[in-house]
Amino acid sequence: MSYPLSLPEEGPLTYSPSITAKPSLWIIELHNGVDNRLTDVLIDRGLKPALDAVERDWREQWRTAQASKDKSGGKGALIIVGKKDQDKFFSNGLDFVNVVPNANFFPVTFNPLLARLLAFPIPTIAAITGHCYAGGFMLSLVCDYRVMTDGSKRNAWLCMNEVHFGAVWPLSFAAILRAKVGDHRLQRKIALEGHRFTAKEAYDDGLLDHLVAGNTADVLAKAEEVADKFSGNAQSGVWGLIKMDIYRDTLATIGQNLRIVNAAIEDAAARSRL
């Protein structure tokens, strides 16, 4: 396979593994307009095939290392980064206007992506290069590590703001929050208060692993350091299997398909009940 690989052919995502300098590192760069909204096209025809390509390449390397008893082979790590030519957005969340009427978006499109990343077989790092909202926040949470700009050169926020514009959380979001954020007070701050975290606040609250002063290139460089540090943990082949056990309940909840509900539908049900 030749790189960089753009998926789908007409855009909006570029998948460009750093295979020349570091054969065990893959980088997925989000491309969708100015703010990297997570659309069904970006996910189904871009991100999912990109993850297939990454896993296929890593598994081929891992099998070769196993067969040749190469103790240095089989390493692997994946970085997801916002568009590298800007410093403003990692992802501004879902394409909400088109998500609302699409009954398949969560059960068929977004939830499987979140589950795939949550149990991905090699270490995953979100290189958060700017604002990280709603669905983009969830995308970063299912990664194993989060590296973010410190906001000193340009404001950068993390926020689950659904409570402010009246969007109910899908089960997947709540399950991921419970799995990744242990303190109930912080869960409340994120989900019910819709707090807009500065990078420093998010780091102090344990939502981030590293802060970086600088631009997108600096954030990506730090993410590569994290990838180098932990890529060897993929060599045994059990990184993803252990995560499947850690997040077993979360993965089961993500897989549940319940009725679509919003405030108006719930009120209609309450009206008939009360």
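Modeller: Start with a rule: buried means under 20% relative accessible area, exposed means over 50%, and partly exposed lies in between (1.4 Å probe, protein chains only). This is a predicted model, where local features need pLDDT of at least 70, side-chain atom pairs count only at pLDDT 80 or more, and totals for chains, interfaces and linings use all residues. Residues are numbered from 1 along each chain as its sequence is written, and side-chain values use heavy atoms, with hydrogens and water left out.

Colleague: Why is Asn36 called buried?

Modeller: Its relative accessibility is 0%, so Asn36 counts as buried. Asn36 sits in the loop between strand E3 (25–29) and helix H1 (40–68). Helices (H or I, at least four residues) and strands (E, at least two) are DSSP runs, numbered from the N terminus.

Colleague: What makes the phi of Asn36 worth a remark?

Modeller: Phi is near 55° there, a positive value in a residue other than glycine. Most residues other than glycine have a negative phi. Ala134 also has a positive phi, about 50°, and is not a glycine. Ala134 lies in the loop between strand E7 (131–133) and helix H4 (135–141). Its relative accessibility is 9%, so Ala134 counts as buried.

Colleague: What does Asn92 touch, leaving aside its neighbours within four places in sequence?

Modeller: Asn92 is in contact with Asp35, Asn36, Arg37 and Tyr133. Contact means heavy atoms within 4.5 Å. Asn92 itself is in the loop between E5 and helix H2 (96–99).

Colleague: Is Asn92 buried or exposed?

Modeller: Its relative accessible area is 18%, so Asn92 is buried.

Colleague: How do you know how many disulfides there are?

Modeller: A disulfide is a pair of cysteine sulfur atoms within 2.5 Å. By that rule the count is zero. Take Cys132: the closest cysteine sulfur, in Cys143, is 9.5 Å away, so it is too far for a bond. Cys143 is in no disulfide either. Both residues are buried: Cys132 has a relative accessible area of 0%, and Cys143 has 0%.

Colleague: How do you know whether the radius of gyration agrees with that of a compact globule?

Modeller: The radius is taken over C-alpha atoms, and the globule rule is 2.2 Å times the number of residues to the power 0.38. For 274 residues the rule gives a value near 19 Å; the protein has 19 Å, so the two agree. The C-alpha atoms fill a box of roughly 70 × 40 × 40 Å along the principal axes.

Colleague: What else describes the whole chain?

Modeller: The protein has twelve helices and eleven strands. Buried residues make up 50% of the 274. Among contacts between residues at least 6 apart in sequence, 73% join residues at least 24 apart.
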